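Keep the structure open while you read, and follow along strand by strand.

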Amino acid sequence: MSRPRVLIVEDNAVNREFLLAVLGRHGDCEAAITGEEALDLFQAALRDGPRFDLVFMDVLLPGMDGLQTLERVRELERRAGIPDGEGARVIVATALDDDQHAARAFFQGRAVSYITKPLSVDSIRNELRGFGFLY
């Protein structure tokens with residue numbers, strides 16, 4: 001099995017470097033600071049391949065927030081002919097622990113997981129294991 005391709009969308013430099021270190025052990029990672037940058041990377045991957053297998057998305061981003069970005073990611077997949085459920089798996093991470101954001105992430109953005117910060121190596125590894133990216 002080839003290494004999964006991972007897109008990390010995180011504006012905080014410390015969190016971004018932490019995620020690159022942890023997720024980089026298990027996949028080939030690219031990082032974006034804004035939702036707009038993430039969409040550019042995602043669209044290029046859809047066009048040129050290989051596609052991203054996993055997106056680790058922060059909610060609070062400058063400009064377009066993570067949930068808006070996630071909804072646009074799903075629209076890009078739809079336009080590319082990727083059936084629902086066969087697109088990138090998305091883990092949403094945020095300091096916001098509220099039902100409204102979680103519901104939007106799952107139902108509108110079809111996220112597979114929603115975890116709250118602060119992040120730990122164990123919480124990330126458990127998510128990866130739960131979605132088949134870590135054995």
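Val9 stands opposite Met57 in strand E3, where E1 and E3 pair in the parallel sense over 4 bridges. Strands count as paired if DSSP finds at least two bridges between them. This is a predicted model, in which local features need pLDDT of at least 70 and side-chain atom pairs count only at pLDDT 80 or more, while totals for chains, interfaces and linings use all residues. Residues are numbered from 1 along each chain as its sequence is written, and side-chain values use heavy atoms, with hydrogens and water left out.

**Strands and layout**

- On E3, Asp58 stands opposite Ala93 in E4, and E3 and E4 pair in the parallel sense over 5 bridges.
- The chain crosses from E3 through H3 to E4, and this β-α-β crossover is right-handed; that is, with the strands pointing away from the viewer, the path from the first strand over the helix to the second runs clockwise.
- In total, the protein chain has 5 helices and 5 strands, and along the sequence they follow the pattern β-α-β-α-β-α-β-α-β-α. Helices (H or I, at least four residues) and strands (E, at least two) are DSSP runs, numbered from the N terminus.

**What is buried**

- Buried residues make up 41% of the 135 residues in the protein chain. Buried means under 20% relative accessible area, exposed over 50%, and partly exposed in between (1.4 Å probe, protein chains only).
- E3 is mostly covered, with 5 of its 5 residues buried. Leu54, Phe56 and Asp58 point one way from E3, and Val55 and Met57 the other way.
- In a regular strand the side chains alternate between the two faces of the sheet.

**Nonpolar cores**

- The largest nonpolar core has 20 residues, and those with the most contacts inside it include Leu7, Val9, Phe42, Val55 and Met57. Such a core is a set of buried Ala, Val, Leu, Ile, Met, Phe, Trp, Tyr and Cys residues joined through side-chain atoms within 4.5 Å.
- E1 (5-9), H2 (35-48), E3 (54-58), H3 (66-79) and E4 (89-94) each supply at least two residues of this core.
- Apart from it lies another core, of 14 residues, among them Leu54, Ala93, Ile115 and Ile124.

**Helix H5**

- Which residues of H5 (residues 121-130) are buried? They are Ile124, Glu127 and Leu128.
- These three cover an arc of only 100 degrees around the axis, which puts them on the same side of H5; the arc is that of the directions from the helix axis to the C-beta atoms.
- The face of H5 turned away from its buried side carries the exposed residues Asp122 and Gly130.
- After H5 comes Gly132, whose phi is positive, near 80 degrees.

**Glycines, a proline and a cavity**

- Gly35 is found in helix H2 and is buried, with a relative accessible area of 0%.
- The C-alpha atoms of Gly35 and Gly66, 31 residues apart along the chain, are separated by 6.2 Å.
- Pro50 lies in the loop between H2 and E3, and the peptide bond from Gly49 to Pro50 is cis, with omega near -15 degrees.
- The largest cavity is lined by Pro4, Val6, Leu23, His26, Gly27, Leu54, Leu128 and Phe133. A cavity is a set of points, on a 1 Å grid over the protein atoms alone, where a 1.4 Å probe fits but cannot get out, and lining residues have an atom within 4 Å of a point.

Conventions
On a 1 Å grid over the protein atoms alone, a cavity is a set of points where a 1.4 Å probe fits but cannot get out, and a pocket is an open set with protein on both sides within 12 Å along at least five of seven lines; lining residues have an atom within 4 Å of a point.
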